[in-house]
Amino acid sequence: MKDIKTNFHTHVQRCRHAGGTEEEYVKAAISLGFSQLGFSDHGPFPNKDYGMRMPFCELQEYLDELNALTAQYESDIILWKGLEIEYLPEYRNYYEELLTTWKFDYLLMGEHFYKDAQGNDANIYGPISSTEHFLYYARTIAEGMKSGYFKAVAHPDLYMLNHFAWDKQCEKAADIIIDTAVVTDTVLEYNANGFRRKSENFPDGIRHPYPHDSFWKMVAQAPVRVIVGSDCHNIPSLWDDTVDQAYERLREFGIKPITELIQGVEPHEHTRHSKTGQCDPGHSIQGIK
């Protein structure tokens with residue numbers, strides 16, 4: 001177990017497939033001895049409901065609650081306001097507004113869908129006919145990292161949840177993601193939630209869907225920053241045995257993870273103490289093209 005406890009991948013009930021309020025997570029984190037907690041519920045898009053996320057109309061309420069909790073528990077824990085959200089190039093200006101107008105502290109790229117060979121939205125959960133599709137997935141992630149809007153990539157090896165053996169295309173997809181993370185200094189997340197999913201019989205053996213060892217052995221050979229993310233969807237999994245397992249696996253790979261996603265900023269200088277404007281049904285979203 002780590003002496004310094006932090007987590008920057010935290011979901012609340014707003015995404016409709018997690019449990020626990022923001023304050024319940026804060027109280028649990030304090031009781032567990034956390035020094036920092038970052039909230040990153042699944043972020044909405046303003047003009048399309050991709051499902052499995054908070055409604056856009058709750059975005060202001062989410063921010064208001066986190067601002068209030070930041071002030072209330074300031075002497076006990078550092079809180080950060082974030083979103084896990086997919087990168088799609090047509091929303092680049094929207095990401096800019098989330099960080100400037102809405103004043104989120106960070107965006108966590110959780111790429112559940114991507115642009116396929118025809119430029120259409122495709123879901124990484126399939127159906128996928130071959131591992132060649134992973135290259136398009138990796139290129140979308142790489143483009144997102146190059147945009148500069150994302151502090152980290154959540155579960156970057158999520159593509160291995162599909163029932164394929166690790167092959168040259170899987171390796172090439174990993175190369176694209178890892179090389180771009182190095183160039184852009186983007187953090188890659190080792191996702192503990194993959195260990196909460198049952199082991200299955202994949203073509204390359206019995207394993208969890210992710211994290212995939214072959215991917216992280218490649219990461220271990222690169223100068224890239226890594227962080228453990230609980231990806232908790234309920235209070236008990238904020239820090240459980242799978243989080244300890246994640247730290248142990250990284251130790252075995254020779255990877256020393258960072259424990260702070262947002263570094264070099266004094267708390268009084270940071271937007272975590274800033275308020276956003278009131279939610280307006282006619283709020284101008286400049287990012288839609």
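## His42 and its surroundings

The side chains of His42 and His17 are joined by a polar contact of 3.3 Å (a pair of N or O atoms within 3.5 Å; within protein, one must be able to donate a hydrogen and the other to accept it, and residues adjacent in sequence count only if both atoms are side-chain atoms). This is a predicted model, in which local features need pLDDT of at least 70, side-chain atom pairs count only at pLDDT 80 or more, and totals for chains, interfaces and linings use all residues. Residues are numbered from 1 along each chain as its sequence is written, and side-chain values use heavy atoms, leaving out hydrogens and water.

His42 belongs to strand β2, residues 34–42 (helices, H or I, of at least four residues and strands, E, of at least two are DSSP runs, numbered from the N terminus). With 7% relative accessibility, His42 counts as buried (under 20% relative accessible area; exposed is over 50%, partly exposed in between, with a 1.4 Å probe and protein chains only). Leaving aside residues up to four places away in sequence, His42 touches residues including His11, Cys15, Glu84, His112 and His233 (contact means heavy atoms within 4.5 Å).

## The sheet

Two bridges link β7 (residues 152–153) to β8 (residues 187–191) in the parallel sense. Here Val153 stands opposite Leu188 in β8.

## Leu63 in helix α2

Helix α2 (residues 59–72) contains Leu63. Leu63 is buried, its relative accessible area being 0%.

Notes:
Pairing = 2+ DSSP bridges.
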